[in-house]
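Try each task before reading its solution.

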Amino acid sequence: MFGFISRRIAMALVVMFVVALISFLLFRFVGDPVNQMVGVETTPEQREALRQRLGLNDPVLTQFFRYIWGAVQFDFGNSYQFKQPVADLIGRRLPATLELSFASAIFALLLGIPMGVYTGLNRDSWLSKVFLSVSLVGISLPTFFIGILFIFLFSVTLQWLPSFGRGEVVQIAPFWDTGFLTASGLKAIILPAITLGLYQMTLIMRLIRAEMLEVMRTDHIKFARARGLPNRSVYYVHALKNTMVPVITITGLQLGSIIAFAIITETVFQWPGMGILFLQAVQNVDIPIMAAYLLLTAFIFVVINLIVDLLYVVIDPRLRTERGRA
Amino acid sequence: MSILDIRGLTVQFPSRKDVFTASRNVNLSVDAGKILGVVGESGAGKSTVGNATIGLLEHPGRIAEGEIHLDGQRIDNLDPESMRKLRGKRIGMIFQDPLTSLDPLQTIEFQLIETIRLHLPLSKEEARARAVDLLNQVGIPNPEERISQYPHQFSGGMRQRVVIALALCADPEVVIADEPTTALDVSIQAQILKLMKRLCEEKNVAMVVITHDMGVIADLTDHVAVMYRGDLVEYGESRQVLGAPKHPYTQSLIAAVPRPDVKVHRFPQVDYIEGSAKPFKQIDISTHWLGKARDYKPVDGPLLSVKDITMKFLTKDSWFPKNREYFTALDKVGFDIYAGETFGLVGESGSGKSTVARVITGLYHPAGGTAHFAGQELTSLKDKKQVLAMRRQMQMIFQDPFSSLNSRMRVRDIVAEPIKFHKLASTNSEVNQIVDDLLEHVGLGVAAAAKFPHEFSGGQRQRISIARALATRPRFLVCDEPTSALDVSIQAQILNLLKDLQDELGLTMLFISHDLAVIRQMCNRIGVMRHGQLLEVSETEELFDTPKHAYTKELLSLMPSMEGLSRSNLEEELA
């Protein structure tokens, strides 16, 4: 077990190293940072002095290791457009995005799993058909359109929920403003969370449904019935657990993409998260922010994948012994 | 008074177009402490009877007529909830495949205690004690320790014992066993049959054993019911039915069981199959493409010569070579196969016999040793051309006719593919002609060409596989358990076809099987394998008459046979 975890962590480090290399190369090849930082009237001497100060004249390897050394200490340099440390900028935006992602993941799981189990078990009921067709809409309409639709319906026409922003926030830690503790904050998160989570919910539902249909046909379910087990325990003790391995794989990956690619939803709802920050960075060629964002995204994916791998082992004893031996 | 009484049971599966009747007016009864065998080939409706009894008919099946009585109480009309409470408590069931019958994610302990506490008012500790006791009864060593393990930590035979323990959790009055030993090796099968017989007597359980295997019927049952396409064609005491079958289907079914005791030239076929005697056009091999242009040079000495083949699979990887652990699948295996003969490899699962086939056909690269085919070293073939030429001469027929054909290709394309790939015919019309002839020759008919594999039965698919293998005009066929997934009547047809083809085309064959009776009929010489080692090679008759190796003797003694029945009866009568 220990060997398994340490091997996974070693692999994760390799991935992070490669991503760091790529994000470092952004600096080298996507435009000249000095050009981005200074105006047109700067003299070549001033430029050269700036280069020297930023260490851009050092050998590439030195620069790379300096970059990594910084990144390990959460120092990603200063933003070109805001002239502030990137870590601060991201740190201020990160809670908003994490809260939004968390809310939408909870929404997707809490609705997707029961709906998937229901539609898998009651294939022909009318409710299953309603779930499936409605979820088809969820998957086929683009996120921004659903977002705008929701704003039109719930904010403009019915005026139940706010159309943009996070509402009131409360500071619970130096870097963490939460919207979960105020009524307006909770109200504000509903629409964006649903918009962001709709696709994942559909995916989870359909995946669980397909897996459920598969598992219900297996011999051990038939044997469980032949032992006289009641439906409840056949469905939830024996069947659902056996559907979990693929579901966790997909859910893990999807959770990563919820966090990393909330950009569209954040734009539609003017959610002050990392998505908007990243969009502005792209528009202004703010490379330090882009590079840091890339690293952070990769880090989130790597961590989630590590958790998913560990969950496999928790769920499936067959992996346990193989890994144990390996 | 019989415990289980089935009267006039008719089970139907309504579909959109019509109603399929899976079993028709079946009457059966079992007494406590007795074993009833239900025997028949696939599609006979024998499993349907078992499923109907325990109330687990697949949707949309339903009992159209008839009654089922359990100890005097009618149970076929119970509501689903009362029926569920009956299952496991009064009727237990054992399924075919022990590898899939247990929930892989829960411990044996969890599954046992769950079932025990469902049916009996016991505390957790009492249930656990009972579970350990049950495991002990079914012959699992160290039950105290092993109970907390997961299913995958048990071997196939041990898992079937656990399944039996689960079926016996609440001391049911009736146990239905659906093909309980089909997925097991012959030595394990013998143990499990013995166990079932013992438990049946000790616990005074009425047992219904559903099987396709006449040997199991002979070894195990007191009464036997023979089913054919939903009808009960014969029913009576086992020794009477097996000894003097009255119905023609029973007669031909018994005759079709490959006899391990004598060698016959052809397999007796089940001739009670309606509409099976379709005359097919036989092609004259001497003038046909298939026989023509077989430009292989005759070889001196053996056609295939295998020497000291060793095959290892990595089981524990490490960065340091000395820490790596291997499983030795083949340990210095060597034998010769001469042109025109059939060489048999026999052994239980895991003995490495399929690995030999894969090494010879080039699917695996051996860790050591050599294999010469027609004087050419096989394991060191590098040139792509040479590999292709070798592949053309050597073809393989696989065990599972369901997964060895591409289900998205029409039969014509499946058979034509090797011809086109090896460029054995010049024009498309010629290819089509060859495919038609091949399909005729293996007994399928031209009409088969336009269909997809799923439209055929297992035996027909195996014919397609044979046609495909012949399409490269090979001289060497590797048959890896070609009939073990088939019914006995179909098996006889396929084996006869292989024999005919061998005679006509002068094929050389490597025939792999776990079934000694089949091996005896098919092969000239036999090699016995165990744990990756070739223990003994000898002429077929010699092996059966005077086996040298102890393991061979053991294998031979374990064969369930109809002879066993008559012998044990004789002893009974003498005693």
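**Exercise 1: one helix**

Helix 4 of chain A is followed by F74(A), whose phi is positive, near 60°. Helices here are DSSP runs (H or I, at least four residues), numbered from the N terminus. The model is predicted: local features need pLDDT of at least 70, side-chain atom pairs count only at pLDDT 80 or more, and totals for chains, interfaces and linings use all residues. Residues are numbered from 1 along each chain as its sequence is written, and side-chain values use heavy atoms, with hydrogens and water left out.

Step 1. Look down the axis of helix 4 of chain A.

**Exercise 2: the interface**

Task: state what area chain A and chain B bury between them, and find the salt bridge.

Step 1. Buried area is the accessible area (1.4 Å probe) that two parts lose on being put together, summed over both. Here it is about 2400 Å², 60% of it on carbon and sulfur atoms.
Step 2. K222(A), F223(A) and R227(A) supply 29% of the area that chain A buries against chain B.
Step 3. Apply the salt-bridge rule: a side-chain nitrogen of Lys or Arg within 4 Å of a carboxyl oxygen of Asp or Glu. R227(A) and E114(B) meet it at 3.6 Å, N to O.

Note on methods: Chains lettered and ligands numbered in written order. Helix = DSSP H or I, 4+ residues; strand = E, 2+ residues; numbered from the N terminus.
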